[in-house]
Structures are given as C-alpha cells and as structure tokens.
Amino acid sequence: VNTSDNMIKEAEEQKQAAEKQLETIVSGAQNLDSERKEVTDGLALLAEKRDEQTNRISGLNRLYASKTEKLKAAEKEQNDLTMSVREKEQKMRLLRDLENSMEGFGHAVKQVLSAGKNGRIRGIIGSVAQIISVPSEYSLAVETALGGALQNIVTENEDAAKRGIGLLKETKGGRATFLPITSVKGNRLNESGLDGCVGFVALGCDIVTYDPKFTGIVNSLLGRTVIAEDIDCAGNIAKKYGYRFRIVTLDGQVVNAGGSFTGGSANRSAGILTRKNEIEKLNGEVTDLTGKLDELKSRTASLRAETDKMRIDIEAANDDLRAMDQDKIRFESELKRIEQVAEQSVNGRKNAEETIARFEKRLSDIRAAAEKAGAELARLCQEISAAEEKSGEDKRIMDELKSRRDSLSSKMSDMKIK
C-alpha cells in the first residue's frame, strides 16, 4: 500500500511538472503573439513610410531634372553671352587702337594732333571728326557731306593754327586745314518751305551734336547742307530750289550745288565717324551685355546652389530609403524567428498536453490497481486471521495463504505506470 502511495505521489509530481511546463509554454505563446503584433505593425508602418519616401524621392528627382535643365540652359546662355561680350570687346579694342593711332587720318593731321596731345603745340583741340557725334543712321550722310573736312584741325585761335602750319613747314610734314574757333563763322541755310518737302530730313548741322563753342565751325561745314531720305527726294528738292545748295542722302549720294550728281556704293565700315559710332555702339552693347551677364551669373550661381542642395537631399533621401530596407530585412528576420519559435511552442504545447494526459491515465490506472489490490489484501488478511483463530487448522494451509499474501504484496510493489 505504501508503495502505491509513493507511485501516485511520484506520478502527481510528474504531472504537476508537465502542467507547469505547459503554463510556461502558454505564457510564452502569449508573449510571442505580442511580439508578432509589434513586428507586424512595425513592418506595416515601415512600408507606409517607405512608400512616402519613394514618392518624395521621385518628386525630388523630377524637380532635380528640371533644375538641371534650367542650369544647363543658363550655363549655355552665360557661355554664349560671355563669348559675345569678348567678341565685342575684342572688336572695340581693335577699333580703339585704330582710333588712337588715328587710322584714316593723313600724315600731316596725325603729326599736328600728336604734337598738340604731347604739348608741343598749344591750342590744338582736335579734328572735326573728334568734336562731333552723329547718330549711326546719319553717320554715312555726314561723312559724305564733310568728306575731307572731317580731318580739318580745330584750334582755339588763329595763333594755334599758325603754330601748326609752322610745325608742318619745319618738318616738311605736308599740309592740313585749320579751323580756328575765333575766326570760322558759318551760316545756316534758310529756305522757305524746305522742311515741308517730301524726303527732307534735316540740315546737316542739326543732326550732329557738339559743344556750343563749335557752333560757328559746324555751321560753316554743314549749315548749308541738306540731308534727304533718298536720291529721288534729293533731286526733287534740289530742282525745286534751283540747285542752290548741296543735298546728301542717307545712303551717301550727293546732289551738288549747280546740279551735278555724285554717288555710287559706299563702304559703311571705312569712315572715321562710322568707326567712332561703332566704338560707342559697342561700348553701350558691352555695358548692357555685361549687366545682363552679371545677372545671369547670379542666377546661374543660384541655380547651381539649388541643384547641389537638391542632389544632397536626394542622396540623403536614398540613404534613408536604404536604411528602411535594412530595417525591413531585420523586421522580416525577426518575424521569421517568431514564427519558428511559435511553431516550436505549438509542438511543445502538444507534447506537454500529451504528457499530462499520459500521467493522468497512469494515475488513474495506479489508483484502480491499488484499490483492487487493497481489496484483495484485506480479504486475504481476513482469511489469515480466520485461519490463525482456528487452532486446528492445517499449517500447510496457513503457509499457503501467507505465500499468496507475500506474492500479492510483491506484485503491488512492482506495478508501474505505463
């Protein structure tokens, strides 16, 4: 009986151990569910953020492409504008070199003007070409009207003119015409109805600009010259006024006083005034283009800075996206681990439940066998007691009963739970 009790106790302890193991497995499974939910939620949130980041990168790439195209266009425009400025500057330097070397002037004129510039002769102001300015659209007409007079030398007074002539005589430098401000006085043409004639542009003296102190000289050279639109208009005007004054057209044709005509082709880039106007025009264009170039450089620099910043932002965004991909790999790896542990937990729970069921059956079998053996033992004990009370009982019967009792006790000791 004591042996049965020990067996029952041992089986109950084993069953309790199995139940405790089952509780641990169940608790672990609940923790796994919590971990699985956390990882699954993390993956969902990561996927959402990854989609947002992908869309952001796509938008940045489109904007970057647009900015890059604008930058390329601005850089090309800047390069083209830079080349244009350099070409104009180079041309302007060439024309200024020609101007400074007085290209186109006669030797005598150059000598006197150089002497005046160097201080060898006082009172030399410059050539007629140097004291007047002419709009480019009238430069050919004025050059034609003035002709060689463009190289006449303007002086402050007669004495300065004499000193110039003396220099040329002394050096055998040739001849030149001098126009002292104090002695040269000219008159303006005054013909009634002239300004109402078809094709009339202006008097020659009215389309040039100059210092007022040169009024007498300019009137003397251009005051009686009419500028007309074309040769037909010039001819009609000359005929109307009896060919009493010279008329020059915008393209350089001439109706002379007296009725003769002079004309033909003209080289627009060869004249002294044309060169001067070209220098002024180029200087203005270079100034304008330089201003535009400075603005363009600023805009290009701004676009380049924006493009560089955008490229850095895209690189940083791609780094973040790669980090998200690494996080996804870690989340998926963790989820796989959880699923593996969960599968092991399911198997462990099944094994624990089977073990508990086996121990319960074993306990039931032990208790049933112990109850049956106890009943048999009680019966045998009664029989032994009854036999012992009978003094006349055969000793053989007593020994046999004792043997059966010992055998039954041995069987109960050897019982095991299956």
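# Reading buried residues, helices and charges

Mentor: N152 counts as buried, at 12% relative accessibility. Buried means under 20% relative accessible area, exposed means over 50%, and partly exposed is in between (1.4 Å probe, protein chains only). This is a predicted model, in which local features need pLDDT of at least 70 and side-chain atom pairs count only at pLDDT 80 or more, while totals for chains, interfaces and linings use all residues. Residues are numbered from 1 along each chain as its sequence is written, and side-chain values use heavy atoms, with hydrogens and water left out.

Trainee: Where does N152 lie?

Mentor: N152 is in the loop between α4 (139-146) and β3 (153-155). Helices (H or I, at least four residues) and strands (E, at least two) are DSSP runs, numbered from the N terminus.

Trainee: Which residues does N152 touch?

Mentor: A contact means heavy atoms within 4.5 Å. Leaving out residues up to four places away in sequence, N152 touches G126, S127, V128, T177, L179 and L221. One of these contacts, L221, is also among the buried residues of α6.

Trainee: Why is helix α6 described as largely enclosed by the rest of the structure?

Mentor: Helix α6 spans residues 215-222, and six of its eight residues are buried, so the helix is largely enclosed by the rest of the structure. The buried residues of α6 are G216, I217, V218, N219, L221 and L222.

Trainee: How should I read a positive phi, and which value does K172 have?

Mentor: Most residues other than glycine have a negative phi. K172 is not a glycine, yet its phi is positive, at about 50°. K172 sits in the loop between α5 (158-171) and β4 (178-180), and its relative accessibility of 77% makes it exposed.

Trainee: What is the phi of Y243?

Mentor: Y243, also a residue other than glycine, has a positive phi near 55°. Y243 is placed in the loop between α7 (231-240) and β8, where it is partly exposed with a relative accessible area of 29%.

Trainee: How many salt bridges does the structure hold?

Mentor: A salt bridge is a side-chain nitrogen of Lys or Arg within 4 Å of a carboxyl oxygen of Asp or Glu. The structure holds 19 salt bridges. One of them joins the side chains of D308 and R311, at 3.0 Å from N to O.

Trainee: Where do D308 and R311 lie?

Mentor: An α-helix has 3.6 residues a turn, so residues three or four places apart point the same way. D308 and R311 both belong to helix α8 (residues 272-389) and are three residues apart, about one turn of the helix. D308 is partly exposed, at 31% relative accessible area, and R311 is partly exposed at 33%.

Trainee: Which residue does R330 form a salt bridge with?

Mentor: R330 pairs with D327, their closest N and O atoms being 2.0 Å apart. R330 and D327 also lie in helix α8, three residues apart. R330 is exposed, with a relative accessible area of 51%, whereas D327 is partly exposed at 26%.

Trainee: What meets in a salt bridge at 2.6 Å, N to O?

Mentor: The side chains of R337 and E334 do. R337 and E334 are separated by about one helical turn because they are three residues apart in helix α8. R337 is partly exposed at 35% relative accessibility, and E334 is partly exposed at 28%.

Trainee: Which residues form a negative surface patch?

Mentor: Patches are made of residues with over 30% relative accessible area and no salt bridge, like charges being joined within 9 Å and nonpolar side chains (Val, Leu, Ile, Met, Phe, Trp, Tyr) within 5 Å. Asp and Glu count as negative, Lys and Arg as positive, and His and the chain ends are not counted. A charge is placed at NZ of Lys, CZ of Arg, CG of Asp or CD of Glu. Accessible areas come from the Shrake-Rupley method with a 1.4 Å probe; for residues, only the protein chains shown count as cover. Here E229, D230, D232 and D251 form a negative surface patch. D251 is in the loop between β8 (246-249) and β9 (254-255) and is partly exposed, at 35% relative accessible area.

Trainee: How many residues apart in sequence are E354 and A18?

Mentor: E354 and A18 are 336 residues apart in sequence and 9.4 Å apart in space, C-alpha to C-alpha. E354 is located in helix α8 and is partly exposed, with a relative accessible area of 42%. R379 is found in helix α8 too; its C-alpha atom is 10.0 Å from that of R405, 26 residues apart along the chain.
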